[in-house]
Amino acid sequence: MKLDPLGDFQRTHRNGQLGLADTGQTVRLLGWCKRIRNLGSLVFLDLRDRWGLVQLVANETEVAPELLARLKAVRSEFVLAAEGVVAEREQKNPNMPTGDIEVRLTHLLILNSAQTPPIPLDESAEANEDLRLKYRFLDLRRESLQRSLVLRSEVSSLIRNYFRRNDFVEIETPILGKSTPEGARDYLVPSRPHPGQFYALPQSPQLYKQLLQVAGFERYVQLCRCFRDEDLRADRQPEFTQVDVEMSFVRQQDIQAMLEPLLVELAALVGKEVQAPFPRLAYRDAMEWYGSDKPDTRCSMRIQDVTAQFAQSEFGLFRAAADSQGQRRVRALFFQGAQAAAFSRKQLDDLQDVAKHLGGGGLPYAKWGREGFASSFKKYLDPQGETALRAALGCSGEGLAVFAVGTSQETSKVLGEIRLRLARALGLIDESRFEFLWVVDFPLLEWSEEHARFVACHHPFTGPHPDDLELLESDPGRCRAQAYDIILNGFELGGGSIRIHDAEIQSRLFKAIGMSEDEARDQFGFLLDALGFGAPPHGGIALGLDRLVMLLVGAGNIREVIAFPKTAQARCLMTNAPSPVNPRQLKDLGIQVEAAAPAAP
């Protein structure tokens, strides 16, 4: 097919912005053919550009033969330039922004043809995700994806403007940095001028932004790219964008007060009304009440401790926990109402399987419904025991209780997940709401069985709580951190902390995580030096931009708000990256690749 040149053809209007006010105007439009329909003497063509869709129409008895021939050659996804006159439609389409009008064609250019797309571009049609990612440049023509990426651009602009209004300086930090031993695995970059030595792509600009506070900038912000070689999930990618913030001479509440108005503005961008200040919840209470350090508080249901109710029980599993002097506990979730009480045996068995998958021994239950009392441990409860259990659970009518037995950590893991599954099944979570929450007072350190030492829960530059500073040597596991996470609807949007600005305390923390003075000097000597040159008290936070936009648009997967995402195996199916490289490149870098070990049979 011979294609037409664009020449000096220029659009006069955007397709999605035409309306009745334009009736009678001659317009020039550009875009892609979404679909074409030939209905006898009338031909209808939907022309799509970034701003929307408009219907073009041609009457075979009224248009020139040349135009008619071009029109009949057009297929879906052809690139077109069209000229015509705007007219009011006889049959309006209320579901289309431009549904009151149509454009009666007078001229048409075919700028490019198109093969039949290997994936459906209609929003209502399902397509295999791997195929969508392979042809991502086509998938991005979907209206929903374009809306998401346009919103992402608006979010980024709003964020930059907000911090500019508040006197922050946007500073770019290096992409090629130093590998550090803490945190997730680094992506390494070999250095050709320095054989055998490597840069690391940044997991975060953490150290650079602290050094910028030492340098006296006081308020720093950056929308930065970060890289982590870790297992992927629906809300995680190997490379991601972070809203990175650092401030000097601040307390935890100052940083929270700076972030809250921004989050209110971002929520309003998608029509969600939220009120600041946001609630604060201690980490210990989050784990006790919700079984999670990122609880979805749109469901108010809390986990309860009912260990004392079984101190005299004949049910061995519960009695053993009651006799364990706090080493093991019996904890429960109670859901009030007939709908919860009507949960079938199969539904309860499915929850049992979930509990076992999470490491629980099972999921004992008790329910009170129209048929009376039923329980997996009914034979161990006399009428008085049942009455006492109802009172402990707060059961005033019909309802369902599920139980977990084990350590605090084990029961939190099981009941935290079961709580969300039951809440969704019972319609107790209002998906239209936004509910922000600060989780504070995290542990500073946790014991790692793998490394046989304490490791930092966030990172080793987080300041210990002033009241717990002396625990750093005597009882590190009890030391709280000046750390805080911002949660939205059960997702961690970001985390931050007040940093260590005293070189002596920083050295003590390195020692607490098993790092020798020589190792600390080798890895972080530049930081220790900087802290000795008048480092101000400082702190900050980092928000995950991808995850934030995912929640703003209501997407179920972070890949839906990233233009060119990786798969769960960290591959780009479109470009086939990662891929082997030319042996000459490896030779220049002094790298020899070993053959991969054969897969186990």
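## What counts as a helix or a strand

Helices and strands here are DSSP runs: at least four residues of H or I for a helix, at least two of E for a strand, numbered from the N terminus. Keep in mind that this is a predicted model. Counted that way, the chain has 17 helices and 22 strands.

## The chain as a whole

Taken along the principal axes, the C-alpha atoms fill a box of roughly 95 × 75 × 60 Å. The chain runs to 601 residues, and 46% of them are buried.

## Where α4 meets α16

Now for the helix pair. Two packed helices are described by the angle between their axes and the distance between the axes. For helix α4 (residues 143-165) and helix α16 (residues 545-553), the angle is about 120° and the axes are 10 Å apart. That angle makes α4 oblique to α16. The crossing of α4 past α16 is right-handed.

Which residues in α4 and α16 meet? On the α4 side they are Ser 148, Leu 151, Arg 152, Val 155, Ser 156 and Ile 159. Facing them from α16 are Leu 545, Asp 546, Leu 548, Val 549, Leu 552 and Val 553. Sorted by class, this contact of α4 with α16 has eight nonpolar residues, two polar ones and two charged ones.

Key. Residues numbered from 1 in each chain as written. Predicted model: local features only at pLDDT ≥ 70, side-chain atom pairs only at ≥ 80, totals over all residues. Heavy atoms only, no water. Axes fitted to C-alpha atoms, helices over the stretch in contact; angles between N-to-C directions. Parallel < 35°, antiparallel > 145°, perpendicular 65-115°, else oblique. Left-handed = near helix turned anticlockwise from the far one by under 90°. Contact = heavy atoms within 4.5 Å. Nonpolar A, V, L, I, M, F, W, Y, C, P; charged D, E, K, R; others polar. Buried < 20%, exposed > 50% of the residue type's maximum accessible area, 1.4 Å probe, protein only.
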